[in-house]
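Here are my notes on the model below. Please read them alongside the coordinates.

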Amino acid sequence: MRKVVLSIILISLLVVTFFSNLIFNQKTITTTTQFDTGDTSWMLVATALVLLMTPGLGFFYGGMVGKKNVISTMLQSFMAMVIVSLCGSLSVLVCRLDQVLVV
């Protein structure tokens, strides 16, 4: 029962976080933002490097635990990578949706 309640709280916080611009934003934006291509490309490169670092982190944590827990520890690292990737993708999607609805 406790896991269900915590899951519901976490999902509701994620929904409110992702859609906060649509829920709480009452004013319209009339100016457009120009993104710097150098900053954007650096963020993409840094993100790719962090995602490549995740398997190494799994191996590092796997070396600190017993033989029975290596696979579990590596899977936890990979699942953290998947969750962060999904959150980033959803935030980009919501930002695009917000730009479409405002304009």
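1. Exposed end of the comparison. L13 counts as exposed at 52% relative accessibility, where exposed means over 50%, buried under 20% and partly exposed in between (1.4 Å probe, protein chains only). L13 sits in helix α1, residues 2-18; helices are DSSP runs of H or I, at least four residues, numbered from the N terminus.

2. Buried serine. S77 lies in helix α4, residues 70-102. S77 is buried, at 8% relative accessible area. Leaving out residues up to four places away in sequence, S77 touches T54, L57, G58 and Y61 (heavy atoms within 4.5 Å).

3. Second largest pocket. Its volume is about 250 Å³, the space filled by probe spheres set on the grid points. A pocket is an open set of points on a 1 Å grid where a 1.4 Å probe fits, with protein on both sides within 12 Å along at least five of seven lines; lining residues have an atom within 4 Å of a point. Of 12 lining residues, L14, F18, L86, C87 and L90 are closest to the centre. Helices α1 and α4 each give two or more residues. α4 gives the most, with seven.

4. Basis. This is a predicted model, numbered from 1 along each chain as its sequence is written. Local features need pLDDT of at least 70, side-chain atom pairs count only at pLDDT 80 or more, totals for chains, interfaces and linings use all residues, and side-chain values use heavy atoms, without hydrogens or water.
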